[in-house]
Amino acid sequence: STTPRIGDILQKLAPFLKMYGEYVKNFDNAMELVKTWTERSPQFKFIIQDIQKEKVCGNLTLQHHMLEPVQRIPRYEMLLKDYLRKLPQDSPDWKDAEKSLEIISTAASHSNSAIRKMENLKKLLEIYEMLGEEEDIVNPSNELIKEGQILKLAARNTSAQERYLFL
C-alpha cells in the first residue's frame with residue numbers, strides 16, 4: 001500500500017517474455033507428440049492420466065496446462081491495457097506501466113510472428129512433399145505468397161493450358 005506500482009516490475013521482466021515465441025513456435029508439434037504417444041503407449045497414457053488426477057493439476061489435462069504459456073502474453077497485454085485505462089495519468093506508475101505495455105506488445109508481436117513463420121514452413125513442407133521432394137524449397141527465408149490455378153497461354157496458337165502455380 002505504500003508504493004502501489006507494477007509498471008516498474010513488469011518493465012524489468014517483460015523482455016524475458018520474448019522467449020515465449022520459441023514455446024509458441026513448437027506448441028503444435030508438442031501437442032501432436034503428446035497425442036501420438038498417448039495413443040501409442042498405454043504406459044505413457046497411464047502416467048499422464050495419473051498425474052492429471054493429482055489435486056495440484058486442478059482437474060485440468062496436460063494439454064490445458066501446455067496452453068497456458070501460449071495465452072500468457074496476450075493476457076498480460078490485455079490486463080496491462082485495462083490497468084492503464086483505470087490508472088490516473090498523474091500516477092507515479094503511469095510511465096513505467098506504459099513502457100511495460102510497449103515491451104509486452106513487442107513480445108506479443110514476436111509470438112505471433114513465430115506462429116506465422118512456423119505455419120509458413122509447414123505449408124512449404126507440404127508443397128515440397130507434393131512436388132515429389134525434388135526441389136528443396138523448405139527454407140526459413142522462403143515465403144509462400146500465393147498459390148492457385150492459372151491458365152498458361154501458349155504464344156504460338158493462343159491455346160490455354162491449366163497449371164497450378166506456387167508463388
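**A buried glutamate, a helix pair and a hairpin**

Good morning. Glutamate 77 lies in helix H4, residues 62-86; helices here are DSSP runs of H or I with at least four residues, strands are runs of E with at least two, and both are numbered from the N terminus. The model is a predicted one, in which local features need pLDDT of at least 70, side-chain atom pairs count only at pLDDT 80 or more, and totals for chains, interfaces and linings use all residues. Residues are numbered from 1 along each chain as its sequence is written, and side-chain values use heavy atoms, without hydrogens and water.

Is glutamate 77 buried or exposed? With a relative accessibility of 16%, glutamate 77 counts as buried, that is, under 20% relative accessible area with a 1.4 Å probe and protein chains only. Apart from neighbours within four places in sequence, glutamate 77 contacts Leu101, Ile104, Ser105 and Ala108, where contact means heavy atoms within 4.5 Å.

I turn to the helix pair. Helix H2 (residues 20-40) packs against helix H3 (residues 42-52) at about 115 degrees, the axes being 5 Å apart. The two are therefore roughly perpendicular, a term covering angles of 65 to 115 degrees. H2 contributes Val34, Trp37, Thr38 and Arg40 to the contact, and H3 contributes Pro42, Phe44 and Lys45.

Finally, the strands. S1 (residues 147-153) and S2 (residues 160-166) run antiparallel and are joined by 7 bridges; pairing requires at least two bridges found by DSSP. Leucine 151 has glutamate 162 of S2 as its bridge partner. The strands form a hairpin with 6 residues between them, and threonine 158 in the turn has a positive phi of about 50 degrees.

Definitions and conventions. Axes fitted to C-alpha atoms, helices over the stretch in contact; angles between N-to-C directions. Parallel < 35°, antiparallel > 145°, perpendicular 65-115°, else oblique. Buried < 20%, exposed > 50% of the residue type's maximum accessible area, 1.4 Å probe, protein only.
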